[in-house]
Amino acid sequence: MLRTVNHLNLKQLISACKKNNLKAQSELYKMYKDDLYILSLKYCKNTEEAQDNLQDAFLYIFKNIKNYKELGTFEGWIKRITINKAIDKYKKESFINIVINDDILVDESVKTEDITIPLDAILKIIQSLPSRYRLVFNLYELDNYSHKDISELLSISIGTSKSNLHRAKLLLKEKISQKTIDRNQNIKSNGN
Amino acid sequence: MGTKKNIGSAIEEQLKGFHSSPDDVVWNAIEAKLKKDKKDRKIIFFWLFGGTAALSLLLIMLSLNSTNLIEIKSTSNPGESKSNLSHHKFDSIPANEIGKRLINETDDALKNQVHLSQINSQNQQIQNKKSNVLFSQNSNKKEENIEIIPNRNNKDIKNTTLKTDSISENKDSLKIVSKKIDKKRKLPINKKDSSSSKPERKWSIYPNVSAHYYGAFAKSTNDQLTLNYGLYLNYLATKDLTIRIGVHKLNLQQTSTGGNSLTLQQKASYIELPFELKYSPFKTKVKTSFIGGFSYLLLEDARLTSTTSNSSLQVSNNTVFNKSTLSVNLGMGFQAKIFKKLHINIEPMFKYHIKPYSESVEYSPFTLSVSSGIEYKF
């Protein structure tokens, strides 16, 4: 969940933001900037683009906060906006409609304790994935979208969504393994 | 020996403890843009609505400063026979004189001061007197109060290049803080949030037919309904605000009754050039809009028909009307989508005419209309 916020305070803040109160906008930004930034980091290629995305998302949120009808949680609403902004950024990059057969699927599971590299290195590996893999991986694995939702959101087929996810996982496994080997070698050489 | 996990789940678990903050420059850029938007809204407010209001006020002031006392003199020959009436009407009764009579016929407030000629159907004679009429200006002008709505144009603005990598360099200091965003909740896809949706078409034309009720404050009239037509050209300036200009052919009419079975019917034809703003804050199935603006009205023709039980007399009274005038327009619009590019509109409008007559009068004409038509967006 996003940061726990006093419901009454949040309601007042939203109400003030609807009146374009700059102080309230600043408070709302402080409240959610870190969470939405981490979300942007996962969906974007690097920190610069993540910060651009965060900026775009907040500007959109402030301009459209009048349309927020309190039907769902405010956190869910701003999260969807941030994700959609990132998708808009990379959606134009081509998605190749390839569907792979289940029988040639390779095991992409991994032992948790094998991931010994730092968190920011894991994040950088995710960011280094081609956009078509990164978006599908994030949406499905980290934000619980279904393949049907993803296919609609990215205008691709469900089969493409599945195969992109599989490719993303294989690439991640490969890169994390390589990074782990490199790191272990560095530790050894430094120890010698 | 650890258990094998889906790599997605493993990464998700690892990333739970990740913490990072954006640079301050991000907020600085957002703040600058928000301030700029606020300033832009003020400018739009000033130029569009302020300009319209200033123009309306200027015209009202001009009309207030016009001459308050008008002397009307009638010099027609008394004692003419019925047969001569129809042939001699333009000579014996000047067109503008008849217009002035219409203006004053039903004016109760001035009844003790006004002495107008009366048409006597019994002896078929028209008696004209020298009349002194005092007119006073109606200063109870309606205030026009139009709300301005902020520009909500949704352009992506990137005015800052953000270069600093703010991911914490101290890998060991990363602490496990449970901050997973709405993780367990299934997120529905809200396509409305996506700015990737196709932009709305900016231009549209709106041919329309309208029923007009031509009335007047402080004056009793009837038989005022006419059917008119016209065309609007619309431009979607922002997500919620449409600017529109148009051209309409207006045929207006109203009838008033006087003493001695006298009926006076006034017809006026205008070419109307409206300039209006349409604000649509509600994105419901039937889009509701608030409309405000003004129209430039060019007089084409004005005719006055006086009818008694035995005779009818029609004269052109163009000189009673100003060649051009303005109206202040307020109304609402209701729009429903038929097809992708076609929308049906219904728009009730109120239009207050500013100084339509060349002479000062105590009543204020207005129109109430309901127009409808199909709008084509492109």
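Tutor: A crossing is called left-handed if the near helix is turned anticlockwise from the far one by less than a right angle, and right-handed if clockwise. Residues are numbered from 1 along each chain as its sequence is written, with chains lettered from A and ligands numbered from 1 in the order in which they are written. This is a predicted model, in which local features need pLDDT of at least 70, side-chain atom pairs count only at pLDDT 80 or more, and totals for chains, interfaces and linings use all residues; side-chain values use heavy atoms, leaving out hydrogens and water.

Student: Where in chain A is confidence highest?
Tutor: pLDDT is the predictor's confidence in each residue, from 0 to 100. Its mean over chain A is 83, with 82% of the residues at 70 or more. The lowest mean, 60, belongs to strand β1 (residues 109–111) of chain A, and the highest, 94, to helix α3 (residues 47–64) of chain A.

Student: Which pattern does chain A follow along the sequence?
Tutor: Helices (H or I, at least four residues) and strands (E, at least two) are DSSP runs, numbered from the N terminus. Chain A has 8 helices and 1 strand. In sequence order, the pattern is α-α-α-α-β-α-α-α-α.

Student: How are α4(A) and α6(A) oriented to each other?
Tutor: Axes are lines fitted to C-alpha atoms, for helices over the stretch in contact, and angles run from 0 to 180 degrees between N-to-C directions. Helix α4 (residues 74–90) and helix α6 (residues 131–142) of chain A pack at about 160°, with axes 10 Å apart. Angles under 35 degrees count as roughly parallel, over 145 as roughly antiparallel, 65 to 115 as roughly perpendicular and the rest as oblique. The relation of α4(A) to α6(A) is therefore roughly antiparallel.

Student: How many nonpolar, polar and charged residues make the contact of α4(A) with α6(A)?
Tutor: Contact means heavy atoms within 4.5 Å; here A:I83, A:I87 and A:Y90 of α4(A) meet A:S131, A:R134, A:L135 and A:L139 of α6(A). Ala, Val, Leu, Ile, Met, Phe, Trp, Tyr, Cys and Pro count as nonpolar, Asp, Glu, Lys and Arg as charged, and the others, Gly among them, as polar. The crossing of α4(A) and α6(A) is left-handed. By class, their contact has 5 nonpolar, 1 polar and 1 charged.

Student: Is α5(A) oblique or roughly parallel to α1(B)?
Tutor: Helix α5 (residues 119–128) of chain A packs against helix α1 (residues 7–15) of chain B at about 135°, with axes 10 Å apart. That angle makes α5(A), relative to α1(B), oblique.

Student: How many charged residues has the contact of α5(A) with α1(B)?
Tutor: The crossing of α5(A) and α1(B) is left-handed. A:L119, A:I122, A:L123 and A:I126 of α5(A) form the contact with B:I11, B:Q14 and B:L15 of α1(B). By class there are 6 nonpolar and 1 polar residues, and the number of charged residues is none.

Student: Is A:N20 buried or exposed?
Tutor: A:N20 lies in the loop between α1 (7–18) and α2 (22–43) of chain A and has a positive phi of about 60° although it is not a glycine. Buried means under 20% relative accessible area, exposed over 50%, and partly exposed in between (1.4 Å probe, protein chains only). At 15% relative accessibility, A:N20 therefore counts as buried.
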